[in-house]
Amino acid sequence: MMTGFNNITGKSFMNIEPTPRKTVKTANVITSSTGAAAGTDFQDILNQASRQTYTQTQLDDIFQRAAGKYDISLELLKAVAKAESDFDVSCVSSSGAMGVMQLMPETAKELGVTDAYDPEQNIMGGAKYLSDKLKEYDGDISLALAAYNAGSGNVRKYGGIPPFTETQNYVKKILGYLENGF
């Protein structure tokens, strides 16, 4: 257990060691811990087991750099992260999507993401993927979001936003965040 002081709020906080793949949010600090994959050497295990702490300011910096690097709207990128994981660096969906931007394992691999629970890699990968979808759909945000959620194949198959309730709600939610904030 360790205690600390949050410079943003001016309050002290106590941070209890998290279990692997859990997130502890205390006084605007987000902590993630990753487990080791089978077949790694001892140093890899030590590196993967180390705790990383990310303040909201640090996450905001990653979002800012990712938006600039991939030439997409910062607000859109953060709206997707809000809808996907509520900014939870350790989030895992029932379908296996991981991290802040909820990257599927195969998509993460294609994007060069080696640790989907590393916010830097995850947000950069998600930004690249979203940028690719925006280019694929000539800047049409609704279609890019539908493809991010349901896959480009489904957007092609249905000639637009697929008739899946989840995907339709997803697109509406993010467009609402863009219009009204979150």
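Helices (H or I, at least four residues) and strands (E, at least two) are DSSP runs, numbered from the N terminus. With that in hand, let us walk through this structure.

The model is predicted, so local features need pLDDT of at least 70 and side-chain atom pairs count only at pLDDT 80 or more, while totals for chains, interfaces and linings use all residues. Residues are numbered from 1 along each chain as its sequence is written, and side-chain values use heavy atoms, with hydrogens and water left out.

**The chain as a whole**

The protein chain holds 8 helices and 5 strands, arranged along the sequence as β-β-β-β-α-β-α-α-α-α-α-α-α. Carbon and sulfur atoms account for 52% of an accessible surface of about 9,800 Å², by the Shrake-Rupley method with a 1.4 Å probe. Contacts are heavy atoms within 4.5 Å; among those in the chain between residues at least 6 apart in sequence, 38% join residues at least 24 apart.

**Two helix pairs**

Axes here are lines fitted to C-alpha atoms, for helices over the stretch in contact, and angles run from 0 to 180 degrees between N-to-C directions.

| Helix pair | Axis separation | Angle |
|---|---|---|
| α3 (residues 74-85) and α8 (residues 165-180) | 9 Å | about 130° |
| α2 (residues 56-69) and α5 (residues 119-136) | within 9 Å | roughly 30° |

Helices α3 and α8 are therefore oblique to each other (angles under 35 degrees count as roughly parallel, over 145 as roughly antiparallel, 65 to 115 as roughly perpendicular and the rest as oblique). Their crossing is right-handed, meaning that the near helix is turned clockwise from the far one by less than a right angle. On the α3 side the contact uses E75, L76, A79, V80, K82, A83 and E84, and α8 brings Y170, K173, I174, Y177 and L178. These residues divide into 8 nonpolar, no polar and 4 charged, where Ala, Val, Leu, Ile, Met, Phe, Trp, Tyr, Cys and Pro count as nonpolar, Asp, Glu, Lys and Arg as charged, and the others, Gly among them, as polar.

The crossing of α2 and α5 is right-handed. Here L59, I62, F63, R65, A66 and K69 of α2 meet P119, E120, I123, M124 and A127 of α5. By class, this contact has 8 nonpolar, no polar and 3 charged residues.

**A look at S152**

S152 lies in helix α7 (residues 152-158). Its relative accessible area is 9%, so S152 is buried. Beyond its neighbours within four places in sequence, S152 touches K133, E136, Y137 and A147.

Terms used:
Buried means under 20% relative accessible area, exposed over 50%, partly exposed in between (1.4 Å probe, protein chains only).
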